[in-house]
Structures are given as structure tokens and as C-alpha cells.
Amino acid sequence: MTEYKLNRFTMADAQALAGKTADITEWDDDEPERKVTYPGAKITGIIVLPAPCLVIETAGAVITDAATGERLGTRPPEPELRLFFTRICEVDGVRGRFERGDRVALEHTDDPDTRLRPGDEGTVTRYDPKLGQLGVQWDSGSTLSMLLDEGDRVRLIAPAPAPAPGAGTGEAGKGPGR
């Protein structure tokens, strides 16, 4: 396997991120005084065209002054954004796509028998990435699971709260001691 050492970010690093979410911060060579952070970006793939790129789906971005941290603006969500490895300066908050306790909002479902509508919110109870099945306790009382590989779509509103120091953690869908 070829390994690309660009800005200390390698192809192996990118491959390890595939299918996960992360807070990704980049800066552009043309405007080094500004940095752009994509919180909770979904890493959907890697492309090696003229240069290696991380392909992400964003929920928007925050632009800040690199020296002061002052907020300068925002960018809208993008379904497929390509970030050159040379522009990535920080990858933080890496996690599985969904974890127990995450808050999500429905974007789309083809289920004709549900009363859920886009924008409805709920809490993740379990996630099986192999089956593409996401268990959700919807605020409306529904427990309809989302079939992500079959076209259902949800977006992350807020990640699960971090466990208290010293508390045991389990995998998504499994609590401590289960």
C-alpha cells in the first residue's frame, strides 16, 4: 500500500477514518490566516486524483481567524466535499458514525406506515453498521428503526454526552455491564 506523508496526514490515517465522523479543520494555502472547521463531518471516502483527497459530507462549517479564534462566518452543508490532505491541519473527535445516546433528526424515510416526518428528533438506542440499521427512540414515542442502507436518512444533531470519568463505556447498543 502506498503511504502519503502530507502534512503528517497519511493515506493509512484516511483509511482508518472511512465511515466515521470527525471534526476536521483545514486551512487554505491561499488564505493561511483563516481556518475552516467542519464539525461532525461524515468521512465517506478517499480519492487519489492529482492529489489525495478525503471526501466528506458536511453539516456546514465555521470559519475562524487562525490567530485569534474569532468567528468570521459559516458555510452551508455540502453532500460531497473533497479536502486535499495538504490542507488538513487537525482531525479531532473521531467516532463511529452513530453511538448510543446520540441525538438525531429524520431527513427521509420511505416507510409509508410511519407518522414520522422530516425534522422529527430522537435518541439513538443502537447502531449496527454491518446491517445499516439504526435503532431510535423518537421523541414522538415511535421506535421505528432506520434502514440506512435502504435509503432512510438521519442527521446527527448532538453526539452522546461523554461518560463521566471512571465510568465504563460500552459499544453502541450495549450499556456498561451488558
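## Close-up views of a predicted model

Contacts between residues 24 or more positions apart make up 51% of the protein's contacts with a separation of 6 or more; contact means heavy atoms within 4.5 Å. This is a predicted model, in which local features need pLDDT of at least 70, side-chain atom pairs count only at pLDDT 80 or more, and totals for chains, interfaces and linings use all residues. Residues are numbered from 1 along each chain as its sequence is written, and side-chain values use heavy atoms, with hydrogens and water left out.

**Figure 1. Overview of the fold.** The secondary structure comes to one helix and twelve strands. Helices (H or I, at least four residues) and strands (E, at least two) are DSSP runs, numbered from the N terminus. Along the sequence the pattern reads α-β-β-β-β-β-β-β-β-β-β-β-β. The protein has 178 residues, of which 30% count as buried. Buried means under 20% relative accessible area, exposed over 50%, and partly exposed in between (1.4 Å probe, protein chains only).

Figure 2. Rolling a probe the size of a water molecule over the atoms shows where empty space is left. The search uses a 1 Å grid over the protein atoms alone. A pocket is an open set of points where a 1.4 Å probe fits, with protein on both sides within 12 Å along at least five of seven lines. Lining residues have an atom within 4 Å of a point. The largest pocket has a volume of about 650 Å³; a volume is the space filled by probe spheres set on the points, which are joined across faces, edges and corners. The lining holds 28 residues, and those closest to the pocket centre are Gly 40, Lys 42, Ala 59, Arg 155 and Leu 156. Two or more lining residues come from each of β1 (21–28), β2 (31–48), β4 (61–65), β7 (88–95) and β12 (153–158). The largest share, six residues, comes from β12. By type, the lining divides into 13 nonpolar, five polar and ten charged residues. Here Ala, Val, Leu, Ile, Met, Phe, Trp, Tyr, Cys and Pro count as nonpolar, Asp, Glu, Lys and Arg as charged, and the others, Gly among them, as polar.

**Figure 3. The largest nonpolar core, and a second one.** A nonpolar core is a set of buried Ala, Val, Leu, Ile, Met, Phe, Trp, Tyr and Cys residues joined through side-chain atoms within 4.5 Å. The largest has 18 residues, and Ile 24, Tyr 38, Leu 54 and Ile 56 touch the most other members. Elements giving two or more residues to this core are α1 (11–17), β1, β2, β3 (52–57), β4 and β6 (81–84). β2 gives the most, with four residues. Leaving out residues up to four places away in sequence, Ile 56 has several partners, including Ile 24, Tyr 38, Ile 43, Pro 79, Leu 81 and Leu 83. A second, separate core has twelve residues, among them Phe 98, Val 136, Trp 138 and Leu 148.

**Figure 4. Thr 25 on strand β1.** Thr 25 is found in strand β1. Thr 25 is buried, with a relative accessible area of 6%. Its side chain makes a polar contact with the side chain of Thr 37 (3.0 Å). A polar contact is a pair of N or O atoms within 3.5 Å; within protein, one must be able to donate a hydrogen and the other to accept it, and residues adjacent in sequence count only if both atoms are side-chain atoms. Beyond neighbours within four places in sequence, Thr 25 is in contact with Lys 35, Val 36, Thr 37, Arg 87, Ile 88, Cys 89 and Glu 90.

**Figure 5. Ala 22 and Asp 92.** Ala 22 is found in strand β1, and Asp 92 in strand β7. Ala 22 counts as buried at 1% relative accessibility, whereas Asp 92 counts as partly exposed at 47%. Not counting residues up to four places away in sequence, Asp 92 touches Ala 22 and Asp 23. With that exclusion, the partners of Ala 22 include Tyr 38, Pro 39, Val 91 and Asp 92. The C-alpha atoms of Ala 22 and Pro 39, 17 residues apart along the chain, are separated by 6.7 Å.

**Figure 6. Thr 58 in the loop between β3 and β4.** Thr 58 lies in this loop and counts as buried at 7% relative accessibility. A polar atom of the Thr 58 side chain lies 3.3 Å from the backbone nitrogen of Gly 60. Not counting residues up to four places away in sequence, Thr 58 touches Tyr 38, Pro 76, Pro 77, Glu 78 and Leu 81.
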